[in-house]
Amino acid sequence: MTTPPPALLIAGHGTRDEAGAEAFRDFVRELGRRHPELPVAGGFIELSPPPLGDAVADLVERGVRRFAAVPLMLVSAGHAKGDIPAALSREKERHPGISYTYGRPLGPHPALLNVLERRLEEALGTVGRTPEDLADVTVLLVGRGSTDPDANAEVYKAARLLWEGRGYAGVETAFVSLAAPDVPSGLDRCVRLGARRIIVLPYFLFTGILPDRVRQQTDGWAAAHPDVEVRSADVIGPEPELLDLVMERYAEAVKGDLRMNCDSCVYRIALPGFEDKVGLPQQPHFHPDDDGDHDGHNGHGHHHHGGHAHSHAH
């Protein structure tokens, strides 16, 4: 008798925007339809139902004892590095006998860069796609923003990779929360660099409160600068490339082939201004809809990087 493959657990951030939360749930259902050989479930760390604990309980009720968890996130920030591993550690205590591996976040990946390029082409429309026209277009890639410098640096890496070989005048970077530069400052910088045509590209998987805020801030800045052509592109969305990439991350986690970079992680390396983060214990992030046992709140989690446990315990 062959051993069944590990189930797939998708871990999402959560949003107060119901359309964005439903987009995540639809995405999880589509993964299940595409891979009937696998039990698939998904849950959120915060803000939206179902909580991650309910998704694990659903898998356990379906007879699952082994699963691979993939964070449906573009960068490794606090949720991917701390909250999800700590939550999974808590679920292992709640459900004795289960085991899991933890995958890495999604980006930057060439497949996602191709989708971003498609979003830029859609924003440009039928005009402005010749090499000469693209050389007049500056892109402002807008990330979520984090208090983790490593996560913010990942957005800059995505911007550079998006610029390489595509012919745009430049790809600048901004953030919608928690990090500078903000969207208006990013647009100001584009203009100081000589931009006259700008496309604001949200670095987000699905619609939600923050992508809406990016568009609102872009519209407000554009209204005050009528001499600059500014267009807004759409989010990545549930594209086939994204579905395939999640399965790629799943396969990596199952095989133990994880190549996450720990060189600039604040939990391992003393970066200026973040020295107090080194070795910090990680604790579960309790979802407001999670009515499970909270006795594990003071336990220490593990931050799994690159095939080795990235422990924050003392």
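Biologist: In which loop is Pro50 found?
Modeller: Keep in mind that this is a predicted model. The peptide bond that leads from Pro49 into Pro50 is cis, with omega near 0°. As for its place, Pro50 is found in the loop between β2 and α2 (52-61).

Biologist: Is Leu47 buried, partly exposed or exposed?
Modeller: Leu47 is found in the loop between β2 and α2. Its phi is positive, about 75°, although Leu47 is not a glycine. Buried would need under 20% relative accessible area and exposed over 50%. Because its relative accessibility is 32%, Leu47 counts as partly exposed.

Biologist: Let us turn to a helix. Which elements do the buried residues of α1 pack against?
Modeller: Helix α1 covers residues 18-34 and reaches 24 Å from its first C-alpha to its last, close to the 24 Å expected. Its buried residues are Gly20, Ala21, Ala23, Phe24, Arg25, Phe27, Val28 and Leu31. In general, an α-helix has 3.6 residues a turn, so residues three or four places apart point the same way. The buried residues of α1 pack against β1 (7-12), β2 (40-44) and α9 (240-255).

Biologist: Which residues does Val246 contact, leaving aside its neighbours within four places in sequence?
Modeller: Val246 belongs to the largest nonpolar core, which has 52 residues. Val246 is among those with the most contacts inside that core, along with Leu8, Ile10, Leu31, Leu72 and Leu106. Leaving aside its neighbours within four places in sequence, Val246 is in contact with Leu8, Ile10, Phe27, Leu31, Val70, Leu72 and Leu106.

Biologist: How many residues are in the other core that lies apart from it?
Modeller: Leu9, Leu52, Phe67 and Ile84 are among the members of this other core. The number of residues in it is 21.

Biologist: How far apart are the C-alpha atoms of Val254 and Ala69?
Modeller: Val254 has its place in helix α9, and its relative accessible area of 37% makes Val254 partly exposed. Leaving aside neighbours within four places in sequence, Val254 is in contact with Pro6, Ala68 and Thr101. Val254 and Ala69 are 185 residues apart along the chain, yet their C-alpha atoms are separated by 9.4 Å.

Biologist: Which elements give two or more residues to the lining of the largest pocket?
Modeller: This pocket has a volume of about 1000 Å³. Of the 46 residues that line the largest pocket, the closest to its centre are His13, His79, Arg144, Gly145 and Leu210. The elements that give two or more residues to this lining are α1, α3 (78-94), α6 (149-163) and α8 (209-224).

Biologist: How many residues of that lining are charged?
Modeller: The lining of the largest pocket has 23 nonpolar residues and 16 polar ones. The charged residues number 7.

Key: Residues numbered from 1 in each chain as written. Predicted model: local features only at pLDDT ≥ 70, side-chain atom pairs only at ≥ 80, totals over all residues. Heavy atoms only, no water. Helix = DSSP H or I, 4+ residues; strand = E, 2+ residues; numbered from the N terminus. Expected span 1.5 Å × (residues − 1). Buried < 20%, exposed > 50% of the residue type's maximum accessible area, 1.4 Å probe, protein only. Contact = heavy atoms within 4.5 Å. 1 Å grid on protein atoms, 1.4 Å probe; cavity = no way out; pocket = protein on both sides within 12 Å on 5 of 7 lines; lining within 4 Å. Points joined across faces, edges and corners; volume = space filled by probe spheres on them. Nonpolar A, V, L, I, M, F, W, Y, C, P; charged D, E, K, R; others polar. Core = buried A, V, L, I, M, F, W, Y, C linked by side-chain atoms within 4.5 Å.
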